[in-house]
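Dear colleague,

Please find the structure below, with its sequence.

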Amino acid sequence: MNKLKIKDHRKLTIVSLLYVLFAFFMLVVVTYAWFANTNHNNASLIQNVAAVEAEYQYFVYNDTSHTGSQELTLINNTTTTGEDLAYEFVPNPTVASFIDGYIAPGERFSFAIKITNVGSGTGYLEIQFGNVTSINYDLEINRIQNAIYFEVTKIVSSDGVTESDDIKDISPAQHFSSYFNGDIFQRYQMLRNIPLGYTSSDEVTIIFFDIVFDPTIYGEDEFGIPYTNSNIFMGQTITVNNIYMYITSNEVTP
């Protein structure tokens, strides 16, 4: 009889421990695991397909508060040591360089791409996102990528010492903002017809853009009834596999 009680007591203890561990795990998930951008492969993030020769550099804005960059410049605003609130150059970026880790609704991430025209004439820049995927969702409407959007925040030209005023709204330049709410084969146009002037090897064009988790997108249940919070996205993963960069000698017509 005593052995039976001891056995039941051990069983109860194990069950209780499992409940405690489960509760702790759920706390971690609820607090942090909105989505993780993971490196499924080691492919290059930026695919450079150009009719005009160009070189690029990719920067990630270090921001522990995840509120996005308020200083849209690379002049005296870069770091090589991981300093917070500064843009860090990422050589040979891969998928993991995009957003590494977890984010929550309302958080914003900032990036910059510096393009140098090394050709013999003016080029026109076009940038697209591609091969965007989500996993761990139950319904298509509940893919986390439906709640993630991008926007161009500023475009400048620079001689390496100073930067111009924002030129993103000056013709023929075009820029776009969009959610990643298409299938894996869709391309998402971020900008096009951005002039890349050629005056010297020091002249560059810098694209500043943000990726944002919209806290007002909630998803729906199986009956089409909207949820009232973002919990449906917890534990999901989104991967932006490529940024496609095209530089042509002529403007691209829509």
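The notes below cover the salt bridges and then the pockets.

This is a predicted model, in which local features need pLDDT of at least 70 and side-chain atom pairs count only at pLDDT 80 or more, while totals for chains, interfaces and linings use all residues. Residues are numbered from 1 along each chain as its sequence is written, and side-chain values use heavy atoms, with hydrogens and water left out.

Salt bridges

Side chains of opposite charge can pair when their charged atoms come close. The structure contains four salt bridges (a side-chain nitrogen of Lys or Arg within 4 Å of a carboxyl oxygen of Asp or Glu). One of them joins E151 to R108, with 2.6 Å from N to O. Because E151 belongs to strand 9 (residues 148-158) and R108 to strand 7 (residues 108-117), this pair ties together parts that are 43 residues apart in sequence. Strands here are DSSP runs (E, at least two residues), numbered from the N terminus.

R108 also forms a salt bridge with D210, where the closest N and O atoms are 2.9 Å apart. That pair links distant parts of the chain, as D210 is in strand 13 (residues 204-213), 102 residues from R108. Within it, D210 is buried, at 3% relative accessible area, whereas E151 is partly exposed, at 22%. Buried means under 20%, exposed over 50% and partly exposed in between (1.4 Å probe, protein chains only).

A further salt bridge pairs K168 with D166 (2.7 Å, N to O). K168 is buried, with a relative accessible area of 13%, and D166 is partly exposed, with 29%.

Pockets

A pocket is an open set of points on a 1 Å grid over the protein atoms alone, where a 1.4 Å probe fits, with protein on both sides within 12 Å along at least five of seven lines; lining residues have an atom within 4 Å of a point. A volume is the space filled by probe spheres set on the points, which are joined across faces, edges and corners.

The largest pocket has a volume of about 220 Å³. It is lined by 16 residues, of which V60, Y61, H66, D100 and F109 are the closest to its centre. Strand 7 gives the most to this lining, with four residues.

The second largest pocket has a volume of about 160 Å³. Of its 13 lining residues, F59, L74, I75, T78 and K114 are the closest to the centre.

Yours sincerely
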